[in-house]
Every structure is written in structure tokens, then in C-alpha cells.
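I opened my notebook to look a protein model over, one topic at a time. Here is what I looked up, in the order I looked.

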Amino acid sequence: MEQKLLRWDSSSYLKTPADELAYLDACLEEAGDDAAFIAKALGNIAKARGMTQLAKDTGLGRESLYKALSGEGNPSFATILKVTRALGLQLRASTLAS
């Protein structure tokens, strides 16, 4: 019997701000040194909310945002800050648990 696999789309499971926050926290914990992983996580949150609105809120082009937050792009830190601010998220620092 042949099995059909569906592409996983994290953005379809991000229904509330609490979901988004828990997702981003988990991604930050898992990412290690993989900045593209974090960019992709922000892209999933942006997709869940609507990329067109994010483009308006950041002043960046929608296509540019898709590319930067795809996990394949290389967004500047300034872009990451604009995106997190527009999404109502705040990056915070804490010490690593030993």
C-alpha cells in the first residue's frame, strides 16, 4: 500500500500569540548556531499572521520578506529586528543554564 505524505506547515498550527511565543522559544532553544533556523521560524510566524501586513508594518517588500525569512535567505540583523518588532515580539537575553 502506498502512503501519501503531506508537507508539514508549522504556520498552520500557530493560532494564538501564545502559540507563536512558545514556538519561537522552542526554536531559539533548538537552533544552536543556525541563524537560518530562527529566520525560518520568524517566517512561519509571519506567514501565520499574514506576510502582506508584515510588509506594510516593516516597510519591506513582501517578496523580500519571503526570501529573507525562508531559511534560505541571509537577512540582516536590522531586518530581524524590524520583523520581531512588527510581530510584537521582543528578543531578550538570559544566561545559559549550566
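**Entry 1: an aromatic pair**

I began with two residues that are both exposed, W8 and Y13. A reminder to myself before going on: this is a predicted model. How many aromatic pairs does the search count? The count comes to one aromatic pair. W8 and Y13 form that pair, and their rings are stacked. I noted 4.6 Å from centre to centre and 10° between the planes. Those two numbers belong together, because a pair of aromatic rings is described by the distance of the centres and the angle of the planes.

Next I looked inside. In soluble globular proteins, nonpolar side chains tend to be buried together. The largest nonpolar core here has 19 residues, and L42, I45, L54, L65, L69, V83 and L87 touch the most other members. Which helices each supply at least two residues of this core? They are helix 1 (17-31), helix 2 (35-49), helix 3 and helix 5 (77-86). Helix 2 gives the largest share, five residues.

I then picked L87 and listed its contacts. Leaving out residues up to four places away in sequence, L87 touches L42, I45, A46, R49 and L54.

**Entry 2: I80**

I80 sits in helix 5. Is I80 buried or exposed? With 13% relative accessibility, I80 counts as buried, because the cut-off for that word is under 20%. Setting aside neighbours within four places in sequence, I80 is in contact with L42, L69, P75 and L91. I80 and L91 are eleven residues apart in sequence, and their C-alpha atoms are 9.9 Å apart in space.

**Entry 3: T58**

I moved on to T58, in helix 3, which covers residues 51-58. T58 has a relative accessible area of 11%, so T58 is buried. The side chain of T58 reaches the backbone oxygen of A55 at 3.4 Å. Not counting residues up to four places away in sequence, T58 touches L65, K82, V83 and A86.

**Entry 4: salt bridges**

My last search was for charged pairs. Side chains of opposite charge can pair when their charged atoms come close. How many salt bridges are found in the whole structure? The search finds three salt bridges.

- K47 and D9 meet through their side chains at 3.1 Å, N to O. K47 lies in helix 2 and D9 in the segment before helix 1, so this pair ties together parts that are 38 residues apart in sequence. K47 is partly exposed at 44% relative accessible area, and D9 is partly exposed at 27%.
- R49 forms a salt bridge with E20, with the closest N and O atoms 2.6 Å apart. R49 is in helix 2 and E20 in helix 1, so the pair ties together parts that are 29 residues apart in sequence. R49 counts as partly exposed, at 39% relative accessibility, while E20 counts as buried, at 5%.
- E63 and R62 meet in a salt bridge at 3.5 Å, N to O. E63 counts as exposed at 55% relative accessibility, whereas R62 is partly exposed at 34%.

Technical notes: Residues are numbered from 1 along each chain as its sequence is written. This is a predicted model: local features need pLDDT of at least 70, side-chain atom pairs count only at pLDDT 80 or more; totals for chains, interfaces and linings use all residues. Side-chain values use heavy atoms; hydrogens and water are left out. Helices (H or I, at least four residues) and strands (E, at least two) are DSSP runs, numbered from the N terminus. Buried means under 20% relative accessible area, exposed over 50%, partly exposed in between (1.4 Å probe, protein chains only). A polar contact is a pair of N or O atoms within 3.5 Å; within protein, one must be able to donate a hydrogen and the other to accept it, and residues adjacent in sequence count only if both atoms are side-chain atoms. Contact means heavy atoms within 4.5 Å. Rings of Phe, Tyr and Trp (its six-membered ring) pair if their centres lie within 6.5 Å; planes under 30 degrees apart count as stacked, over 60 as edge-to-face and the rest as tilted. A nonpolar core is a set of buried Ala, Val, Leu, Ile, Met, Phe, Trp, Tyr and Cys residues joined through side-chain atoms within 4.5 Å. A salt bridge is a side-chain nitrogen of Lys or Arg within 4 Å of a carboxyl oxygen of Asp or Glu.
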